[in-house]
Amino acid sequence: MRTEAGLEAVFVKAVAFAAEKHRNQRRKDADASPYINHPIALANVLANEAGVRDVAVLCAAILHDTIEDTETTAVELDEAFGAHITSIVLEVTDDKSLEKHVRKQHQIDHAPHSSPEAKLVKLADKICNLRDILASPPSDWSIERKVAYFDWAEQVVSGLRGTHTGLEAVFDSLRARHVEFV
Ligand code: NDP
Ligand code: ZN
């Protein structure tokens, strides 16, 4: 990090940065919610459900989709937030040049080898996406597609277990709700 900003200031800077990068993007729910709601939801889960106080993890949660889904580069993140936060974001970034089924398998394969910080962000991401699918799913998704997503998320999370008991329990209780689809 090139600034001497306090930890709270760094977090607010990450929120402002992500909000600007995602400003024209929407989630896939019927209301097309603002995209930034999703990264904020991850940080909220980590801070207020998991008790995470590591600002690097909270900033990485806020920034987790900037490289994957906007034109943000790793160099840009490095200059603004330093190497540590950037490396966590890179760990949770899919390579979009790969076919979707290959990316999905990569997430399963790489989960167990991720850093503890990246595992926390991944767990929160899967929790938030299951919550979205339960409460405000993509409008054109069939029951089968929702169930397939839940099954895939479970495969990723099985490689993240041992990271945070509380978050894993939250994930498991959401996963159990797939019965609500049928
Ligand atoms: P996608 O990857 O296309 O969509 C899911 C992703 O969209 C999430 O991981 C999340 O990513 C983002 N997202 C944005 N808005 C929402 C929202 N409201 N609720 C949930 N997620 C949201 O889905 P998949 O390809 O994974 O499809 C699910 C399963 O369905 C697959 O496992 C596949 O087997 C099956 N399937 C897929 C088809 C396809 O065309 N891909 C067709 C038929 C079945 P982020 O957190 O990064 O924003
Ligand atoms: Zn996400």
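User: Which helix does His 38 lie in?

Analyst: His 38 lies in helix α2, a helix here being a DSSP run of H or I with at least four residues, numbered from the N terminus. Bear in mind that this is a predicted model, where local features need pLDDT of at least 70, side-chain atom pairs count only at pLDDT 80 or more, and totals for chains, interfaces and linings use all residues. Residues are numbered from 1 along each chain as its sequence is written, chains are lettered from A and ligands numbered from 1 in the order in which they are written, and side-chain values use heavy atoms, with hydrogens and water left out.

User: Why is His 38 called buried?

Analyst: Its relative accessibility is 4%, and buried means under 20% relative accessible area, with exposed over 50% and partly exposed in between (1.4 Å probe, protein chains only). So His 38 counts as buried.

User: What is His 38 in contact with?

Analyst: Leaving out neighbours within four places in sequence, His 38 is in contact (heavy atoms within 4.5 Å) with Arg 27, His 64, Asp 65, Asp 125, Cys 128, Asn 129 and Asp 132.

User: And what makes Asp 125 buried?

Analyst: Asp 125 sits in helix α7, and its relative accessibility is 10%, so it counts as buried too. With neighbours within four places set aside, its contacts are His 38, Leu 42 and His 64. Asp 125 and Leu 42 are 83 residues apart in sequence, yet their C-alpha atoms are 6.0 Å apart.

User: How do you know that α2 and α7 meet?

Analyst: Residues of α2, including His 38, Leu 42 and Val 45, meet residues of α7, among them Asp 125, Cys 128 and Asn 129. The residues of this contact divide into 8 nonpolar, 2 polar and 4 charged. Helix α2 (residues 37-49) and helix α7 (residues 116-135) pack at an angle of about 115°, with their axes 9 Å apart.

User: Why is Lys 126 said to have no salt bridge?

Analyst: A salt bridge needs a side-chain nitrogen of Lys or Arg within 4 Å of a carboxyl oxygen of Asp or Glu. For Lys 126, the nearest side chain of opposite charge is Asp 125, 4.2 Å away, and Lys 126 is buried with no salt bridge.

User: Why does Glu 20 get the label partly exposed?

Analyst: Glu 20, in helix α1 (residues 7-21), has 45% relative accessibility, so it counts as partly exposed. The C-alpha atoms of Glu 20 and Ile 36 are separated by 9.0 Å, and the two residues are 16 residues apart along the chain.

Note on methods. Axes are lines fitted to C-alpha atoms, for helices over the stretch in contact, and angles run from 0 to 180 degrees between N-to-C directions. Helices (H or I, at least four residues) and strands (E, at least two) are DSSP runs, numbered from the N terminus. Ala, Val, Leu, Ile, Met, Phe, Trp, Tyr, Cys and Pro count as nonpolar, Asp, Glu, Lys and Arg as charged, and the others, Gly among them, as polar. Lys and Arg count as positive and Asp and Glu as negative; His and the chain ends are not counted.
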